[in-house]
Amino acid sequence: MGIKEQVIQDTVRYTTRVVLAQCALFVGGFAIARFLGPTNYGIWNGLQLILLYAAYSQLGIVNALSRELPLQRGKGDLTQAERVRSTTLGVVLVTALVAGGAIIVYSIIATSRHSPLVMLGLRFVGLLVVLQQIY
């Protein structure tokens, strides 16, 4: 099989899998909404939004790393490349701990305003934010 046929075959396989995954997420979304009901589904979406927006707590530092690190390595300045990598890791750890900690602290402070399940969910989301950012 030639390279052209291989590329076409890989493209068709990839596209098929992406479409199937999107269909599964679409059907799964309806199933979850039906299972949870309106109130709990709204809470579920709120917790997912927190996870989604927490990814922006890094303030673009990881994007800068992906640009700066190869540049420094290409220049042959390995000490500067290591400094950039270490700084990025430090900023990511600090922002992850601040964001996750803020969510957990809020879940402790606002216990009387929401149901215990929402507060438990927020505590798990706070932990997930830290793990997500470190990953």
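Predicted model: local features only at pLDDT ≥ 70, side-chain atom pairs only at ≥ 80, totals over all residues.
Colleague: Why are α2 and α3 called roughly antiparallel?

Modeller: Helix α2 (residues 61–75) and helix α3 (residues 78–109) pack at an angle of about 170°. Angles over 145 degrees count as roughly antiparallel, so α2 and α3 fall under that name. Their axes are 8 Å apart.

Colleague: Which residues of α2 and α3 meet?

Modeller: On the α2 side they include I61, V62, L65 and L69, and on the α3 side L78, A81, V84 and V91 are among them. The residues of this contact divide into nine nonpolar, three polar and three charged.

Colleague: What makes F26 and F30 an edge-to-face aromatic pair?

Modeller: Two values decide that. The ring centres are 4.9 Å apart, and rings pair if their centres lie within 6.5 Å. The planes stand at 85°, and an angle over 60 degrees counts as edge-to-face. F26 and F30 both lie in helix α1, four residues apart, which is about one turn of the helix. A search of the whole structure finds two aromatic pairs, and F26 with F30 is one of them.

Colleague: How large is the volume of the largest pocket, and which residues are closest to its centre?

Modeller: Its volume is about 390 Å³. Of the 15 lining residues, I43, W44, L47, L117 and G121 are the closest to the centre. Helices α1 (3–54) and α4 (116–134) each supply at least two residues of the lining.

Colleague: How do the lining residues divide into nonpolar, polar and charged?

Modeller: The lining of the largest pocket has 11 nonpolar residues, four polar and no charged.

Note on methods. Residues numbered from 1 in each chain as written. Heavy atoms only, no water. 1 Å grid on protein atoms, 1.4 Å probe; cavity = no way out; pocket = protein on both sides within 12 Å on 5 of 7 lines; lining within 4 Å. Points joined across faces, edges and corners; volume = space filled by probe spheres on them. Nonpolar A, V, L, I, M, F, W, Y, C, P; charged D, E, K, R; others polar. Axes fitted to C-alpha atoms, helices over the stretch in contact; angles between N-to-C directions. Parallel < 35°, antiparallel > 145°, perpendicular 65-115°, else oblique. Contact = heavy atoms within 4.5 Å. Phe/Tyr/Trp six-rings, centres within 6.5 Å; stacked < 30°, edge-to-face > 60°.
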